[in-house]
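Subject: Structure for you to look at

Hello,

Here is the structure I promised you. Please open it next to this email and follow along.

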Amino acid sequence: MHDLLPDQSPRWQFLERCVRDVLARYGYEEMRMPIVESTDLFKRSIGEVTDIVEKEMYTFDDRNGDSLTLRPEGTAGCVRAALEHGLLHNQTQRLWYQGPMFRHERPQKGRYRQFHQIGVEAFGMAGPDIDAELILMTARLWQALGIDGLELQLNTLGSSEERALYRDELVKYFSAHQEKLDDDSRRRLQSNPLRILDTKNPDMADVVAAAPTLDAYLGEESRSHFTAICSILDEAGVAYVVNPRLVRGLDYYSRTVFEWVTDLLGAQGTVCAGGRYDGLVTQLGGRATPAVGFAMGVERLVAIIEELDRVKLPKRADAYLVLVGENAQHAGLAIAEQLRSDLPQLRLITHCGGGSFKSQFKKADRSGASLALILGEDELASDNIGIKFLRKEAQQLTLKLNELAGFLANFLQETTED
Ligand code: HAM
């Protein structure tokens, strides 16, 4: 679990701002759900025989003896909340949420025990158009974030009936090759054979590669749903790779699944993943409601933004107000307030805590500000203010206090044009 320090937060804020803007342009509305839910919710939705539920949840009994879990993902809580508040009946919903998720995984680069997701869920729409629109929206997001080079992988898992037939076939196939399976896979053979396809064990690569694929079991409806998504993406010019081994680590998916992957981050290359989950609302006690969504890993996206280093982040301050002497310290705060009223775009740090010119200039320099505004007893007595350029070679200026707002307005305009 990580602390987010001030030198990193501008990238997070940039990402959050971009996502918020793009989602609003598609009509998505924000939800905020609790971080803790009943353990049972995750068992019923994510699936009892998944890595998340079997090994990774932070589960504890509260004082009433109820079993609670720190949410490992957001879809289950979003469906629970939407059901509880009657958002799903005879309606369509486009919802999003963000926040920390918790999984007790082995930490490594790009994989943390507390990590952050931005999740998006669309309810009440059964056709392939919404699946495709979600994917197009993610593509627009990468553009807004200045990220390129991601690969879109796409697959269909068919309906639950089709998957049941396929599952029987897989069990037959893997049972015939039991000696090639590791312990985990042997255990999954009966409980969740599809997950064997997702193994990271290199010794099993051959047996998995030769396994039957779902393709032969897909019915007409699943097939045409998938083809329609592909053709919308083709038409919109979004490239994708069909990956028949893409199965996802959560059990609630049916039909469409997709992942956006990068090779910039080492092993943890999936930055955004999701799919359709038409059965989940019923599974959690609601009426049948088609649903599709995805979640992005914020840490991973921020790491790419940092790696590519293309985004110009706003600096912390434009100006640092140096105040020397007791009178200047008092007058300075009122002057700063007036400047903030006159110039809403100005980022101004007022020195607090006294000290010599020298020590205050040091702080001004460290603040990243472009200008130091200097108010000492002499300036105050003559209604003047000194201006020192901290980031370029230029003569120090003295202005009348009443000229300062105009000067700063010009300065800000010039610097944004740069
Ligand atoms: P997920 O694939 O488990 O899906 O997670 C989505 C994304 O969260 C991953 O692609 C990854 O970027 C990020 N992520 C997951 N685990 C970690 C971790 N330990 N450290 C850092 N980042 C991580 C879901 O959670 C589904 N709820 C997505 C969804 C929404 N499907 C439909 N609607």
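One definition comes first: buried means under 20% relative accessible area, exposed means over 50%, and partly exposed is in between (1.4 Å probe, protein chains only). Accessible areas come from the Shrake-Rupley method with a 1.4 Å probe, and for residues only the protein chains shown count as cover.

This is a predicted model, where local features need pLDDT of at least 70, side-chain atom pairs count only at pLDDT 80 or more, and totals for chains, interfaces and linings use all residues. Residues are numbered from 1 along each chain as its sequence is written, and side-chain values use heavy atoms, with hydrogens and water left out.

**Domains**

The protein is divided into domain 1 (9–159 + 219–308) and domain 2 (319–417). These bounds come from an automatic or database domain assignment. The C-alpha centres of domain 1 and domain 2 are 47 Å apart.

**Salt bridges**

Side chains of opposite charge can pair when their charged atoms come close. A salt bridge here is a side-chain nitrogen of Lys or Arg within 4 Å of a carboxyl oxygen of Asp or Glu. The structure holds 26 salt bridges.

Start with Glu-30. Its side chain meets that of Arg-20 in a salt bridge, at 3.3 Å from N to O. This pair links distant parts of the chain: Glu-30 is in strand E1 (residues 29–30) and Arg-20 is in helix H1 (residues 9–25), 10 residues apart. Helices (H or I, at least four residues) and strands (E, at least two) are DSSP runs, numbered from the N terminus. Glu-30 has a relative accessible area of 29%, so it counts as partly exposed. Arg-20 is partly exposed too, at 36%.

Glu-30 also forms a salt bridge with Arg-32, with the closest N and O atoms 3.1 Å apart. Arg-32 is exposed, because its relative accessible area is 70%.

Now go to Asp-318. Its side chain and that of Lys-315 meet in a salt bridge of 3.3 Å, N to O. Lys-315 is partly exposed, at 33%.

There is also a network of salt bridges. It links Asp-51, Glu-54, Lys-55, Asp-184, Arg-187, Arg-188, Arg-195, Asp-198 and Lys-200.

**Paired strands**

Two strands pair if DSSP finds at least two bridges between them. Look at strand E10 (residues 270–276), which is mostly covered, with six of its seven residues buried. Strand E9 (residues 256–261) pairs with E10 in the antiparallel sense over five bridges. E10 and strand E11 (residues 291–297) also pair in the antiparallel sense over five bridges.

Which residues stand opposite Gly-274? Phe-258 stands opposite Gly-274 in E10. In E11, the bridge partner of Gly-274 is Phe-294.

Contact means heavy atoms within 4.5 Å. Both lists below leave out residues up to four places away in sequence.

- Ser-45 lies in helix H2 (residues 39–46). Ser-45 is buried, with a relative accessible area of 0%. It is in contact with Ala-76, Tyr-252, Leu-280, Gln-283 and Leu-284.
- Leu-134 is in helix H5 (residues 128–144). Leu-134 is buried, at 0% relative accessibility. It touches Tyr-28, Val-120, Val-292, Gly-293 and Phe-294. Leu-134 and Pro-314 are 180 residues apart in sequence and 29 Å apart in space, C-alpha to C-alpha.

**A surface patch**

Ile-35, Val-36 and Phe-60 form a nonpolar patch on the surface, with about 210 Å² of accessible area together. Patches are made of residues with over 30% relative accessible area and no salt bridge; like charges are joined within 9 Å, nonpolar side chains (Val, Leu, Ile, Met, Phe, Trp, Tyr) within 5 Å. Val-36 lies in strand E2 (residues 36–38). Val-36 is partly exposed, at 31% relative accessibility.

**Positive phi**

Most residues other than glycine have a negative phi. Arg-255 has a positive phi of about 55°, although it is not a glycine. Arg-255 sits in the loop between strand E8 (241–242) and E9. Arg-255 is buried, at 15% relative accessible area.

Asp-383 has a positive phi near 60°, and it is not a glycine either. Asp-383 lies in the loop between helix H14 (377–381) and strand E15 (384–389). Asp-383 is partly exposed, at 47% relative accessible area.

Best wishes
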